[in-house]
Amino acid sequence: MANLLFDESASNSDASKGYAWWFSGDTFEQAAANERRPLKRSLSYRINSHPGRLTILYFLLLIALSTSLLLLPISTLPGEKTEFSTAFFTAVSALSTCGISIVNTTTHWTLFGQAVLIFSVQLGGLGVMTFASLIALAVNHHLKATQRLLTANELGTNKLSEIRGVLTVVLTTTFVIELITFIALFPGLFHVNKGNISGTLWESLFFAVMSYNNAGFTPDGAGLYVDNWAVGMPIMLSAFCGTLGFPVILNIYRTSRRHQSPKRWSLHTKITLLTTFAIVLVSLVWFLTVEWDNPALFKYADVETRMRRAMVAAVMPRSSGFDLSWVPQVSEATKVFMSVVMFIGGGSTSTAGGIRVTTFAVILLVCRAAFTGHSDVTAFKRRIHTHVIMTAVSITTACFALVLTASIALMLITDAAFSHAVFDACSAFGLGGYSVGVADVNDAPALYILAATMLVGRMGPMTLAYAVSRPRQTEVVRYPTDQIVVG
């Protein structure tokens, strides 16, 4: 996909008949000629010709920067010591927006160290290549073709000409939601902190960034009080918005701006919202039935409080990872259920991880078509492209193999039970942020396994596939504009 040539000029718009990706030998004639020349390629060309490799390079550079900053003495409070494995794991957890923490954020990191976490989570949430493209826009006032293709894949848009506008919407949406969350959190945290303005401002900023980007780091001085709805509700709503994905937010924004009804939403938006609400509803029913008498989660509260806590438990485990106190004390069946939910994850190109809800929906639709004897896979009276189906099946298979391998490795290294190893592996891959304590600060090999799983969960298997694949010859690719973004 890295070497595709596209033409979106006005002269080609009529011939495309609604297809956004369209090959043309006239668009980048020199680039096509270079592809045919059997010349030795420089290292720079080899990296830029594979968008997957470029993504990995940017990600590794940010990990190196964040790890170095966390290792500085200014990042750690007096009396605390930060090992390389701790700094590396924390940096990966922040940049991947996973949020699993192996040290206490308040008692281990200084304000500078916490600022590094905020910086890392923000970059991870926006997307590594999104940030790289913004730099290119600022410096060069244009995007190179390679960066535009990679950013299109990162943001889920299907037109190269849309990327500049999509970047603007992404940044605007991100900072507006975080600002609204910051303002909504201030009164509740001000009450929790008993009038401490400076502490409230910092914790409001911290939670605003962490919640929308679905990272479970918390300034433990305040904590996430589920009983305090003034704190829990803004965080939960912000985290839910973060799991929808930029294509969904962009589509809803555009249709609402045009005063169009939800019937005009794209197929991707409809499937994402339907599957997301279905998973949340199933999770809510699960926690209310299976864990109704669990004192760690409900503490024998009244029905109204149980409903609030069950709603938080239904939304947060998908990707957020806030309020970890009750997780190790749930039943084994609930741990397995939460593992499945985290494996599915959130929306495509969102701050969440996992195989994504659209991938899961496509797998269910394929099963429905097979069981009912239909040759076409359809949703909302629209046929799903064969390429989308193949991608969904490939992603699910590869990710299942990854989680299973990571789980077995954790069992061999830590002697953890299978359910616990699967839980932490799914949490790392799905960027859930929860942990049952399989790996700790003194278990470096297990930390590295989980960190590698987080990296794959954040970048996605398709990025890694593009990185290791050989360059293909230029080909014609025609995808309908109203299709599903998977992976």
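What follows is a set of questions and answers on a predicted model.

Me: How many helices and how many strands are there in the chain?
Reply: The model is predicted, and its chain has 487 residues, of which 54% count as buried. Among contacts with a separation of 6 or more, 71% join residues 24 or more positions apart. As for the elements themselves, the count is 21 helices and two strands.

Me: Which residues have the most contacts inside the largest nonpolar core?
Reply: The largest nonpolar core comprises 94 residues, and another core, of six residues, lies apart from it, with Leu126, Ile177, Tyr212 and Phe246 among its members. Leaving aside residues up to four places away in sequence, Met210 touches Leu117, Ile118, Val121, Ala215, Phe217 and Phe322. The residues with the most contacts inside the largest core are Met210, Phe217, Trp326 and Leu410.

Me: What distance does helix α12 reach from its first C-alpha to its last?
Reply: Helix α12 covers residues 229–242, which makes 14 residues, and at 1.5 Å a residue the expected span is 20 Å. Several of its residues are buried, including Val231, Pro234, Ile235, Met236 and Phe240.

Me: Which helix gives the largest share of the nonpolar surface patch?
Reply: The patch, of about 600 Å², is made by Phe400, Leu404, Ile408, Leu412, Ile413 and Phe418. Ile408 has a relative accessible area of 42% and therefore counts as partly exposed, and this residue is found in helix α18. Five residues, the largest share of the patch, come from the helix that spans residues 386–414, namely α18.

Me: Which residue meets glutamate 83 in a salt bridge?
Reply: The count of salt bridges comes to three, and one of them joins aspartate 376 and arginine 383 at 3.5 Å, N to O. Glutamate 83 is partly exposed, with a relative accessible area of 39%. Its partner counts as exposed because its relative accessibility is 65%, and the side chain that meets glutamate 83, at 3.5 Å, N to O, is that of lysine 81.

Methods
Residues are numbered from 1 along each chain as its sequence is written. This is a predicted model: local features need pLDDT of at least 70, side-chain atom pairs count only at pLDDT 80 or more; totals for chains, interfaces and linings use all residues. Side-chain values use heavy atoms; hydrogens and water are left out. Helices (H or I, at least four residues) and strands (E, at least two) are DSSP runs, numbered from the N terminus. The expected span of a helix is 1.5 Å times one less than its number of residues. Buried means under 20% relative accessible area, exposed over 50%, partly exposed in between (1.4 Å probe, protein chains only). A nonpolar core is a set of buried Ala, Val, Leu, Ile, Met, Phe, Trp, Tyr and Cys residues joined through side-chain atoms within 4.5 Å. Contact means heavy atoms within 4.5 Å. Patches are made of residues with over 30% relative accessible area and no salt bridge: like charges are joined within 9 Å, nonpolar side chains (Val, Leu, Ile, Met, Phe, Trp, Tyr) within 5 Å. Accessible areas come from the Shrake-Rupley method with a 1.4 Å probe; for residues, only the protein chains shown count as cover. A salt bridge is a side-chain nitrogen of Lys or Arg within 4 Å of a carboxyl oxygen of Asp or Glu.
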